[in-house]
Amino acid sequence: MRIAIFGPPGAGKGTQARLIAARFRIPHIGTGDMLRDAVRSGSELGRSVKDVMESGQLVPDELIGEVVAARLGEPDAARGFLLDGFPRTKKQVGILDDALESLGVGLDGVIVLEVPERIVIARLAGRSRSGDDGEVRADDREEVIRERLRVYEEQTEPVAEIYGRRKLIVTVDGTGTIESVFERISGSLQELVR
Ligand code: AP5
Ligand code: MG
């Protein structure tokens with residue numbers, strides 16, 4: 001199964017991606033997580049993206065494209081994968097198309113998590129208060145959350161239109177408990193791979 005999960009900041013992509021990856025035994029490729037790991041490790045990549053991430057802007061397409069293409073070429077991704085947070089610009093769709101073509105595979109579907117803006121803002125504000133990942137994310141400050149939502153509308157929403165034209169979109173209601181959202185996604189995925 002080769003899929004991507006898509007939705008605004010705070011929609012629950014990472015939360016659901018971890019559950020899907022465990023149930024369907026495929027690697028979770030979360031670009032935000034990979035970049036945060038790089039920042040923490042102080043690598044060259046991490047140092048080059050830290051300020052951009054903290055401002056709520058996107059890192060350059062070519063840079064993240066190389067990271068993802070390399071990750072997709074690793075042995076564990078041969079059986080399938082779940083992309084979380086990529087592609088998030090039209091340019092990245094092209095980068096992904098090229099990477100998949102060179103591997104001789106294609107995407108089976110794109111799960112779109114639909115969550116109203118007031119709920120995503122409440123979820124992100126809740127995370128910034130609780131630090132539920134063990135540390136507070138530098139981009140969960142109120143003004144940066146607003147910027148991330150703006151960037152999503154401007155640069156990332158058009159990506160859904162592209163996959164819509166390719167008939168790859170599976171829309172899932174992302175409201176309610178984590179468990180109920182996961183059951184909805186699992187049901188849709190079972191249909192997709194049947
Ligand atoms: P990234 O890490 O991808 O962040 P994001 O898309 O802005 O969104 P989040 O990760 O905050 O939200 P999520 O949808 O994963 O929700 P989560 O499960 O955490 O990107 C960060 C930055 O990295 C970007 O701004 C950019 O700079 C850079 N970057 C990454 N990818 C890039 C790319 N491809 N190109 C360029 N730059 C890139 O849930 C949120 C909160 O809600 C959590 O506290 C969670 O516990 C809670 N929650 C989840 N589900 C529920 C539920 N059902 N009910 C109640 N609470 C819930
Ligand atoms: Mg995430």
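Let's start with helix 6. On its face turned away from the buried side sit the exposed residues Arg118 and Arg129. Buried here means under 20% relative accessible area, exposed over 50%, partly exposed in between, with a 1.4 Å probe and protein chains only. Helices are DSSP runs of H or I, at least four residues, numbered from the N terminus.

A word on the source. This is a predicted model, where local features need pLDDT of at least 70 and side-chain atom pairs count only at pLDDT 80 or more. Residues are numbered from 1 along each chain as its sequence is written, and side-chain values use heavy atoms, without hydrogens and water.

Back to helix 6. Which of its residues are buried? Val120, Leu124 and Arg127. They cover an arc of only 55 degrees around the axis, so they lie on the same side of helix 6. That arc is taken from the directions from the helix axis to the C-beta atoms. Helix 7 (142-165) is included in what covers these buried residues; contact means heavy atoms within 4.5 Å.

Now salt bridges: a side-chain nitrogen of Lys or Arg within 4 Å of a carboxyl oxygen of Asp or Glu. The whole structure has 18.

Take Arg148 and Asp139. Their closest N and O atoms are 3.7 Å apart. Arg148 is buried at 10%, and Asp139 is buried at 11%. Shared partners join Arg127, Arg137, Asp139, Asp140 and Arg148 into one network of salt bridges.

Next, Asp33 and Arg18, bridged at 3.8 Å, N to O. Asp33 is in helix 2, Arg18 in helix 1, 15 residues apart.

Last, Asp76 and Arg71 meet at 2.7 Å, N to O. Asp76 is partly exposed at 32%; Arg71 is buried at 15%.

Definitions and conventions. Chains lettered and ligands numbered in written order. Helix = DSSP H or I, 4+ residues; strand = E, 2+ residues; numbered from the N terminus.
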